[in-house]
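Hi,

Here is the structure I promised to pass on to you. Have a look at it first, and then read my notes below.

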Amino acid sequence: QVESLKAKVLEQAQEISRLRSELGGTDAEKHRDLLAAENERLRQEMKACEGELRELRRQQQAPCWDCPHLQENAGLQEQLSQLQREAEETRAKLVELDLEVQQKTNRLAEVELRLKDSLAERAEEEERLSRRLRDSQETIASLKSQPQQIKYIIKTVEVESAKAKQALCETQSRNQYLQEQVGMQRQVLKEMEQQLQSSQKTEAQLRAQIMLYEAELERAHGQMLEEMQEMEEEKNRAIEEAFSRAQVEMKAVHENLAGVRTNLLTLQPALRTLTHDYNSLKRQVRDFPLLLQETLRSARAEISQAIEEVHSTNRELLRKYRRELQLRKKCHNELVRLKGNIRVFGRVRPITKEDGEGPEATNAVTFDTDDDAVLHLLHKGKQVSFELDKVFPPQASQEEVFQEVQALVTSCIDGYNVCIFAYGQTGAGKTYTMEGTAANPGINQRALQLLFSEVRSKAADWDYAITVSAAEIYNESLRDLLGKEPQEKLEIKLCPDGSGQLYVPGLTEFRVQSVEDINKVFEFGHVKRVTECTNLNEHSSRSHALLIITVRGLDRSTGLRTTGKLNLVDLAGSERVGRSGAEGSRLREAQHINKSLSALGDVIYALRSRQGHVPFRNSKLTYLLQDSLSGDSKTLMMVQVSPAEKNTSETLCSLKFAERVRSVELGPVSRKAELASWPSQEQLEGDLPGSAATPGRGHTSHSSGQLSSRAASIRRKLQTSG
């Protein structure tokens, strides 16, 4: 700021010198005012700089001699003092310029006074000359009246005086001028005489025309009199004809009047009848408002009663419709269970600040008020409807979502394989639905809590062991999230027991017995999962996460063993590279994610069209989900969609894929239960990993026949229940 002020002062000094050399007194006054204003502005800026310097000095708490800002401050102070000196010099120059302007103003006033004096003298001189001219004219006039004396005087003047000779020359020139003026006046007079002659000719022509007009007027007057006489005669003839026609018409009127009188005599009874009817109508009109009010009152009552009946009928119909809808859904769910269809739930996340503002962030998804399984999507001005098994609006809580899936979770305890996976575009809320937050957990943690609750309720008859494994598929590589070496790649293989089931050798399993164990496992696995920031999602999952929960149960009374597996899958979101802005490793991750999801779509298409070959091995994801998609599992797909207008294309693709998945029939689900030979108490305790012996339980001796008969009855029960 100090440097800029210094530059401005130098510019003002140059401007002052230029103005001093070029401008006059009046321009100097104008620029003096401008320079004074500019100087005042510079003073204000200088005061502001001084105030900032004082503020900096006041804020300085302790001296820092080694600080480079101290030297800079000293330099700025020196520049400020120099600038102040230059400003003082500028002020002195401005004072000198003011004095010079004042002097020029004084000189201008003196010049104006001199000009006024010269103008006055000029006016006096003109007055004097005009007097002399008049005197000369009088002298010329007198000289003209005495010509002989003038000749004599002229000769005498020529002889006597040179001064008189000069005056005589002036008089002669004046006389010549006057003669020229007289000639000009004579010429003007001649022109006026010519104009007078032309005017006289025009006047004669006009008089002749006036005479013609008067003759024409007299002729027209005669014709008018003749026409008026003819019209008078025609008027008289018309009056006579009208009078005769009027007499004829009057006679006809009299005849009609006589007929009218006869009709009046006959119409008097009818008139009396009409009068009586009129009076009765008048009374009815007078009583009409009361009748109208009474009629309206009764009509309102009838209409209200009818409306109430319609409302009650509508309520009854609505109640029946809802009951039938519940029955239909119940039957549909039972049909889905019998057919083995994949159940599909839809969840719409709310609009967030990441969606932005404006028309692209408007809500494009609406819901059916009467059917909670239908949603409507507005795409490119057209409304598209989709029917799923259940649709959750944005205001649905995590608890409401879990209530719909907890029946599937509990069937895991009974020995069924269950798979729940979340599908949708990136940023649609899949991880939130499956994992949730610490304060509001998702399906994963709630499922384990429900399993623990069910295990505790059956602890009197059953012994259960719950183990948890966590893995992710990152760039088509299967990695263990709970292992010591998460970067180690694992392989998927068939079980050697010949059951056809798949397993992952080397996958770490943790046995969990409480909610605290669950939280530790989730924290440990969540830290190792790959997430990155993209343009579409701040915490985008870059891998498919799988939480495998295995529940092994043993009925202590019958020796029945059950093994159920619950697969909770959080798929990575599909994304368009152009919108997500993925580059480098993010681009490679997106390509692998889209490839695996495309392979999942191929598997769903093959299952839906009942092809002989289903390409499960085209991707690690589909290969790992083969048990869940091949008819030996209860499978639920949670499709997550975004309601924002800018994401309608991805939402449309997700919902179409969900409808295709919903139509896939996997067949009836089998229960994983086996009945071994009747075990002893020690064998029951040793078969379950980590199970402790129950104190106080004795052994009862039975014969082999009793044991075999009991085992056969248990087998029959299992066959009927299975």
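**What I found**

Let me start with Gly429, which sits in the loop between β6 and α7. Gly429 is partly exposed, as its relative accessible area is 22%. Please keep in mind that this is a predicted model.

Gly429 also belongs to a stretch marked in the UniProt record: an unreviewed entry gives the annotation "binding site" to Gly424, Gln425, Thr426, Gly427, Ala428, Gly429, Lys430 and Thr431.

Gln425 is another residue from that annotation, and its place is in the loop between β6 (417–424) and α7 (430–434). Is Gln425 buried or exposed? Gln425 counts as buried because its relative accessible area is 4%, and buried means under 20%. Leaving aside residues up to four places away in sequence, Gln425 touches Lys430, Gly573, Ser574, Gln640, Ser642, Asn647, Glu650, Thr651 and Ser654.

One more spot to look at is Ile593, in helix α11 (residues 585–608). Ile593 is buried, with a relative accessible area of 4%. Its C-alpha atom is separated by 8.3 Å from that of Tyr474, although Ile593 and Tyr474 are 119 residues apart along the chain.

Enjoy exploring!

Definitions and conventions
Residues numbered from 1 in each chain as written. Predicted model: local features only at pLDDT ≥ 70, side-chain atom pairs only at ≥ 80, totals over all residues. Heavy atoms only, no water. UniProt positions renumbered as here; feature names shortened; annotations may be inferred. Helix = DSSP H or I, 4+ residues; strand = E, 2+ residues; numbered from the N terminus. Buried < 20%, exposed > 50% of the residue type's maximum accessible area, 1.4 Å probe, protein only. Contact = heavy atoms within 4.5 Å.
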